[in-house]
Amino acid sequence: FSILSSSHIAIHVWKEFRRVCLDIFACDEKKKVEKALKVFVREFKPRSYRVRIVRRGFIHDPRFNNKKK
């Protein structure tokens, strides 16, 4: 089970092409995004998938990244 309290997940479906695009946005921790992705892969069992990470907004603020200082 994965909780994204300050974020959201959007699922875009193209049934005619048998394609799904999953957008996972998190405002706090990268770990939560990774966990949510693992849940989707485990539950939906795609034949293949690609991951693209886009850094946006507050992720550049050191208060919101996972790196230990």
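**Entry 1: arginine 50**

I began at arginine 50, which is found in the segment after helix H1, the helix of residues 30-44. I note here that the model is a predicted one. Is arginine 50 buried or exposed? Its relative accessibility is 84%, and the cut-off for exposed is over 50%, so arginine 50 counts as exposed. I then looked up which residues make the positive surface patch. Arginine 50 is in that patch, together with Arg18, Arg19 and Arg47.

**Entry 2: the whole chain**

I stepped back to the chain. It has one helix and two strands. Read along the sequence, these follow the pattern β-β-α. The chain is 69 residues long, and 12% of them count as buried.

**Entry 3: the nonpolar patch**

Ile9, Ile11, Val13 and Val20 make a nonpolar patch of about 360 Å². Which element gives the most to this patch? I found that strand S1, residues 8-14, does, with three residues. I picked valine 13, which has its place in strand S1. Its relative accessible area is 56%, and exposed means over 50%, so I wrote valine 13 down as exposed.

I turned to backbone angles. Most residues other than glycine have a negative phi. Arginine 18 is not a glycine, yet I read a positive phi of about 55° for this residue. Where does arginine 18 sit? It is found in the loop between S1 and strand S2, the strand of residues 19-25. Arginine 18 is exposed because its relative accessible area, 67%, is over the 50% cut-off. Arginine 18 is also one of the residues of the positive patch from my first entry.

Lysine 45 is another non-glycine residue with a positive phi, here of about 45°. I located lysine 45 in the segment after H1. At 62% relative accessibility, lysine 45 counts as exposed.

**Entry 4: valine 41**

I then went into helix H1, where valine 41 lies. Its relative accessible area is 23%, which falls between the cut-offs of 20% and 50%, so I marked valine 41 as partly exposed. What does valine 41 touch, if neighbours within four places in sequence are left aside? I found contacts with Pro46 and Tyr49.

**Entry 5: the salt bridge**

Last, I looked at charge pairs. Side chains of opposite charge can pair when their charged atoms come close. How many salt bridges are there? The count comes to one. The partners are glutamate 43 and arginine 42, and their closest N and O atoms are 3.1 Å apart. The limit for a salt bridge is within 4 Å, so the pair qualifies. Arginine 42 has a relative accessible area of 47%, which makes it partly exposed.

Note on methods
Residues are numbered from 1 along each chain as its sequence is written. This is a predicted model: local features need pLDDT of at least 70, side-chain atom pairs count only at pLDDT 80 or more; totals for chains, interfaces and linings use all residues. Side-chain values use heavy atoms; hydrogens and water are left out. Patches are made of residues with over 30% relative accessible area and no salt bridge: like charges are joined within 9 Å, nonpolar side chains (Val, Leu, Ile, Met, Phe, Trp, Tyr) within 5 Å. Accessible areas come from the Shrake-Rupley method with a 1.4 Å probe; for residues, only the protein chains shown count as cover. A salt bridge is a side-chain nitrogen of Lys or Arg within 4 Å of a carboxyl oxygen of Asp or Glu. Lys and Arg count as positive and Asp and Glu as negative; His and the chain ends are not counted. The place of a charge is taken as NZ of Lys, CZ of Arg, CG of Asp or CD of Glu. Helices (H or I, at least four residues) and strands (E, at least two) are DSSP runs, numbered from the N terminus. Buried means under 20% relative accessible area, exposed over 50%, partly exposed in between (1.4 Å probe, protein chains only). Contact means heavy atoms within 4.5 Å.
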